[in-house]
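Please read them with the structure open.

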Amino acid sequence: MSEAKVIQCPCGYTLHGDGDDEVVAAAQEHARSIHDQELSSDQALSMARPA
Ligand SMILES: [Zn+2]
């Protein structure tokens with residue numbers, strides 16, 4: 001069972017994922033494509049909150 005998670009990006013965008021892996025992947029993709037930044041999974045995970 002995976003728990004829905006959200007990451008609030010400092011730019012105001014909210015990333016949603018079904019479980020840690022998905023929300024981390026979504027945040028990394030967002031950071032890369034929108035901010036041209038590499039986000040580590042630890043950094044992304046530390047920002048994840050239960051949806
Ligand atoms: Zn952003």
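1. The largest nonpolar core has 10 residues: Ile7, Cys9, Leu15, Val23, Val24, Ala27, Ala31, Leu39, Ala44 and Ala48. Helix H1 supplies the largest share of this core, four residues. A nonpolar core here is a set of buried Ala, Val, Leu, Ile, Met, Phe, Trp, Tyr and Cys residues joined through side-chain atoms within 4.5 Å. Buried means under 20% relative accessible area, exposed over 50%, and partly exposed in between (1.4 Å probe, protein chains only). Nonpolar side chains tend to be buried together in soluble globular proteins.

2. On sources: this is a predicted model, in which local features need pLDDT of at least 70 and side-chain atom pairs count only at pLDDT 80 or more, while totals for chains, interfaces and linings use all residues. Residues are numbered from 1 along each chain as its sequence is written, and side-chain values use heavy atoms, with hydrogens and water left out.

3. Ile7 is one of the core residues. Apart from neighbours within four places in sequence, Ile7 is in contact (heavy atoms within 4.5 Å) with Tyr13, Thr14, Leu15, Val23, Ala27, Ala44, Met47 and Ala48. In strand S3, Ala48 stands opposite Ile7.

4. Three strands form an open sheet in the order S2-S1-S3, with antiparallel pairing. S2 and S3 (48-50) stand at the edges with a single partner strand each, so one side of each has no neighbour in the sheet. The twist averages 35° from one strand to the next. Helices (H or I, at least four residues) and strands (E, at least two) are DSSP runs, numbered from the N terminus; two strands pair if DSSP finds at least two bridges between them.

5. Lys5 stands opposite Gly17 in S2 and has Pro50 as its bridge partner in S3. S1 and S2 form a hairpin with five residues between them, and Gly12 in the turn has a positive phi of about 105°.

6. Axes are lines fitted to C-alpha atoms, for helices over the stretch in contact, and angles run from 0 to 180 degrees between N-to-C directions.

7. The protein donors of the zinc ion are Cys9 (SG), Cys11 (SG), His30 (NE2) and His35 (NE2), 1.9 to 2.3 Å from it. Donors are N, O and S atoms within 2.8 Å of the metal (3.2 Å for Na, K and Ca); water is not among the atoms, so sites may look incomplete. The site is tetrahedral, with angles of 105 to 116° among the four donor atoms; four donors count as tetrahedral if all angles lie between 85 and 135 degrees.

8. The donor residues are spaced C-x1-C-x18-H-x4-H in sequence. Cys9 lies in the loop between S1 (4-8) and S2 (14-18) and His35 in H1 (residues 20-35), so this pair ties together parts 26 residues apart in sequence. Cys9 is buried at 10% relative accessibility, whereas His35 is partly exposed at 30%. His30 lies in H1 and is buried at 7%.

Key. Tetrahedral: all angles 85-135°; square planar, octahedral: opposite > 155°, others 65-115°.
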